[in-house]
Amino acid sequence: MLLKRFEAKTLPEAIERVRASCGEHALVVETRPTARGFLVVAASPDGEAPTAAPTAPRAAAPRPRDQAGTTSFLSKWTRGFQPLAQKALDFGLSETVLRAVERALLGTKVELSRAGDPALPSLASRVLAALVHTEPGLEDDSAAFRTVALVGPTGVGKTTTLAKLAARARDRGERVAIVTLDTYRMAAVEQLRTFAELLDVPFAVAHDANDMRRVLQQYADCDRIFIDTTGRSPRNRERLPLVEGTLRAAGASTLLCLAAGTRGRDAQLVIDAYEPLGIEAVCLTKWDETVAPGEALAAVVERGLPLSHVCIGQEVPADILAADAGQLARAAFDCETAEASA
Ligand SMILES: Nc1nc2c(ncn2[C@@H]2O[C@H](COP(=O)(O)OP(=O)(O)OP(=O)(O)O)[C@@H](O)[C@H]2O)c(=O)[nH]1
Ligand SMILES: [Mg+2]
C-alpha cells in the first residue's frame, strides 16, 4: 500500500479525489488545511481495486489494543511499531508524522501487534517516503525554477547553497547568472561576487524591483538565474513585503533554506514567516551539524512542502545532495549517520 496525497480547494473536492483514486474503503490517514485549500493523505486498503463509489471514505482504522496494557510512554505505539517509533523520535521526527505512518501500516499485512516482523522497517520507510515530497525542478529543465530566489533566516547557508546550486547547473551545461538583493549585510556582495568569479558566471546587484527587471532583461538568454537575499529573523517581518515585491517582479520561484537542526516549533515559525513569498521548495542545510534533523524534516512534511536538496557541509560545490525521499525515510528509521544517509 502506498500513501497518496490529494489536494483541492475544498475538503469535499479532496475527498472526492480520494474516492475516485483509492476507492470506497480508502484509508484516510490525515486531513488538514493548507495554503492552497485542503490536503488529504490516503491509501487504498491492500488488494482493493479503486472504484468511484459514491460513499465517503472511512476514517483511519483504529489502533489495535495495546496488549501489554501498560501506560508507559512507548505504549502510545503498537508493539510492533515501538522500536521504529523510538528510533525515529531520536532522529527528531514528530509524533504527528509517525502516527500517520503507523496508521497507514495498520492497513497493510504487516504484523504490528508483536515486535519483530522483518518486513516492517522497509515498509515503514516506504510509507514515510511517500509522505516526503521532493522537488527535482532545480536539477532539470523545468521552467518553474528558471529564476529562483534563496530565502531564509540569517546564516542558514543561503549564499553557500546558491553557489553549490549554481555550480551544479553550470556543470550540467546551463548558462547561469547570479543576482543578489543582499546589500544589507557588510561584505555580502563581495562574498557572492567571489563565488561568481570562481564559477565564471555573470553577477549583478539589484537594489529594488526596477533594478531586478533591468538585470533580468540583461540575462534573458540565461537558462538559470539564482537570486540571493538578505537573511532575516523569522520574527522580523518588516522588510518582507519589499523582498516580496522584488521577487514578484522577477517572477522568481522561492527556495526556503532551513537549517536541518532547527527545532520543530522554530521550523514552523520560519515556514510561517516565509509563506507570504510562496515557498516552492525547501532545502535542508547543515544536515552535517545535527544528530536530530527529523524535527525540521517533519515540519516540512507536515506543511506539505517539497524538499529539493540537503546540504551536508561547507564545501562548494560538493556538499549538496538532491533530496531522495527513500534515503531520508531510511535514515529516520535506521538512525544512519547523516553523511551516509542524506
Ligand atoms: N556545516 C555546514 N556549514 C554550512 C553549510 N552551508 C553553509 N554553511 C556555512 O554556514 C556559514 C553561513 O553560510 P552563508 O551561506 O553565508 O549563510 P547565509 O544564509 O547566506 O547567511 P546570511 O546571508 O548572513 O543570512 C558559512 O560558514 C558556511 O560555510 C552546510 O550545509 N553545512
Ligand atoms: Mg548570505
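Where does D200 lie? D200 is found in the loop between helix 6 (188–199) and strand 6 (203–205); helices (H or I, at least four residues) and strands (E, at least two) are DSSP runs, numbered from the N terminus. D200 is not a glycine, yet its phi is positive, about 60°.

This is a predicted model, in which local features need pLDDT of at least 70 and side-chain atom pairs count only at pLDDT 80 or more, while totals for chains, interfaces and linings use all residues. Residues are numbered from 1 along each chain as its sequence is written, chains are lettered from A and ligands numbered from 1 in the order in which they are written, and side-chain values use heavy atoms, with hydrogens and water left out.

**Ligand 1**

Ligand 1 is surrounded by 19 residues (a heavy atom within 4 Å). The closest are K158, T159, T160, R185 and D288. This shell divides into three nonpolar, nine polar and seven charged residues, where Asp, Glu, Lys and Arg count as charged, Ala, Val, Leu, Ile, Met, Phe, Trp, Tyr, Cys and Pro as nonpolar, and the others, Gly among them, as polar. Helix 5 (residues 158–171) gives the most to the shell, with four residues.

The table gives polar contacts of the ligand (pairs of N or O atoms within 3.5 Å).

| Residue | Protein atom | Ligand 1 atom | Distance |
|---|---|---|---|
| V156 | backbone N or O | oxygen | 3.1 Å |
| T159 | side-chain N or O | oxygen | 2.8 Å |
| D288 | side-chain N or O | nitrogen | 2.7 Å |

Taken alone, ligand 1 exposes 650 Å², of which the protein buries 84%; accessible areas come from the Shrake-Rupley method with a 1.4 Å probe.

**Salt bridges and a cis bond**

The whole structure holds 15 salt bridges, each a side-chain nitrogen of Lys or Arg within 4 Å of a carboxyl oxygen of Asp or Glu. One of them joins the side chains of K76 and E95, at 2.7 Å from N to O. The pair links distant parts of the chain, 19 residues apart: K76 is in the loop between strand 3 (37–43) and helix 2 (82–91), and E95 is in helix 3 (residues 95–106).

The peptide bond from V316 to P317 is cis, with omega near 5°. P317 belongs to the loop between strand 10 (307–311) and strand 11 (320–322).

Key
A polar contact is a pair of N or O atoms within 3.5 Å; within protein, one must be able to donate a hydrogen and the other to accept it, and residues adjacent in sequence count only if both atoms are side-chain atoms.
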